[in-house]
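Hi,

Here is the structure I promised to pass on.

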Amino acid sequence: MEILKSLQAIRNGNLSRKCLNEFIEFSCKIALIYSRKYLKKHPHFFYHSDINHEDIAVDAVAKLASDKNGTPFHNLLHSFAAWQPEITTEKEAHFFLNSILMRKVHQQYQNSLAEVDPFYAKILHNIEYLITKNGFIKNHYLGSCFVGKENIPANHRNFIDEDAFEKLPVQLFTDKKNLLKSIFTYLETDTEFCPVIPLHLLIMKIKHVNMDLYLSDLVNEQDEFHFTADGIINSCLNKTYQKLDDTYVGKSKLEIPDAVLLKSAIKEMVEDLQNGGLKANLFHYLIPFAIDLSREEYREKYHNILEYLMKDLKRSIAQELKLNL
């Protein structure tokens, strides 16, 4: 596959249908490499969702090939024209396509995480506001996204890892207005790591340290913040319990003891959602409350109901976050 010729042909509007299909297929293969890497790093986020690495890859390529103002591949062509230095060799063309696809896959991955975890989505939104407000940038390197003051130096490879990031002082995460500046200063003065912040690890750290503070809208800092994560969860949890009672118990689809069992499991699931992700199988949430429950009985009686209620609960939490925070 000659990437440079394909890019030039797309720009000139004379790429044949056959070559266009080959280019898209080639792009999907690259995107799949990155999407598999993301899901392999954090598989627990996607155990109980409809999201998979093929969907992330295909959606990323589709965004790149999307039409705007009658121009196919508008996003790709815009990046191709703006790329500096100008792309003149096949090696440069491969690097360009890989870089663009890595960014698009990362965007789709972040969007997918937001669907799976509404708290993640809200914190991500506010962190991105901080990035823009302070004039910082996002660097994509080796399939990960880092927040930095400038582009990552070509000769720097010493990035902070997950264990080291988890050990950063808690006080760095307590002032949301100066969050990024404080972490940059600490990395520069107290460590030998490259002064860039892994975006995903940052969001997960915030979830564990002080989630309520970062759920409030940074664009409305003058407003008093009345809501908390616990308050929203309890409100949405009660709505889910009511739906369980009305839709299933009230219509004789479940007995009261079954509803009590599911409510106990859902409560446990929500606690895991706050802390980072659900267990590998929803069946495990029922076992502590129904020791003799077999997998067959679970699949027959409870699985579809529990999966539906959990998806509905996450949607409800996401809506409340948008309305109240």
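Leaving aside its neighbours within four places in sequence, which residues is leucine 180 in contact with? They are Leu130, Ile131, Phe136, Val147, Ile197 and Leu202, where contact means heavy atoms within 4.5 Å.

Before the rest, some housekeeping. This is a predicted model, so local features need pLDDT of at least 70 and side-chain atom pairs count only at pLDDT 80 or more, while totals for chains, interfaces and linings use all residues. Residues are numbered from 1 along each chain as its sequence is written, and side-chain values use heavy atoms, with hydrogens and water left out.

**Overall**

The secondary structure comes to 14 helices and three strands; these are DSSP runs numbered from the N terminus, with helices being H or I of at least four residues and strands E of at least two. Of the 325 residues, 45% count as buried. Buried means under 20% relative accessible area, exposed over 50%, and partly exposed in between (1.4 Å probe, protein chains only). Among contacts with a separation of 6 or more, 66% are between residues 24 or more positions apart.

**Cores**

Back to leucine 180: Leu180 and Leu202 touch the most other members of the largest nonpolar core, which has 93 residues. Helix 5 (residues 90–116) gives the largest share of this core, nine residues. There is also a second, separate core of six residues, including Tyr141, Ile152, Phe159 and Val196. A nonpolar core here is a set of buried Ala, Val, Leu, Ile, Met, Phe, Trp, Tyr and Cys residues joined through side-chain atoms within 4.5 Å.

The three strands form an open sheet in the order 1-2-3, with antiparallel pairing. Strand 1 and strand 3 stand at the edges with a single partner strand each, so one side of each is left without a neighbour in the sheet. Two strands count as paired if DSSP finds at least two bridges between them. Strand 1 (residues 137–141) pairs with strand 2 over five bridges, and asparagine 139 has phenylalanine 146 as its bridge partner in strand 2.

Strand 2 (residues 144–148) is mostly covered, with five of its five residues buried. Ser144, Phe146 and Gly148 point one way, whereas Cys145 and Val147 point the other way.

**Helices**

In helix 10 (residues 229–249), the buried residues are Ala229, Ile232, Ile233, Cys236, Leu237, Thr240, Tyr241, Leu244 and Tyr248. They cover an arc of only 170° around the axis, which puts them on the same side of helix 10; the arc is that of the directions from the helix axis to the C-beta atoms. Helix 4 (residues 74–82) has Leu76, Leu77 and Phe80 as its buried residues. Their arc is only 95° around the axis, so they lie on the same side of helix 4.

Serine 6 sits in helix 1 (residues 3–12) and counts as buried because its relative accessibility is 6%. Its side chain reaches the backbone oxygen of glutamate 2 at 2.9 Å. Not counting residues up to four places away in sequence, serine 6 touches Met1, Leu15 and Phe23.

Lysine 301 belongs to helix 13 (residues 295–301) and is partly exposed, at 33% relative accessibility. Leaving aside neighbours within four places in sequence, lysine 301 is in contact with Leu254 and Asp258. Lysine 301 and leucine 254 are 47 residues apart in sequence and 8.7 Å apart in space, C-alpha to C-alpha.

**Loops to look at**

Phenylalanine 73 lies in the loop between helix 3 (53–64) and helix 4. It has a positive phi of about 60° although it is not a glycine, and at 7% relative accessibility it counts as buried. Serine 252, in the loop between helix 10 and helix 11 (256–275), also has a positive phi, near 60°, but serine 252 is exposed, with a relative accessible area of 66%. Finally, a cis peptide bond joins glutamine 84 and proline 85, with omega about -5°; proline 85 is found in the loop between helix 4 and helix 5.

Cheers

How values were computed
Polar contact = N/O pair within 3.5 Å; in protein donor to acceptor, adjacent residues only side chain to side chain.
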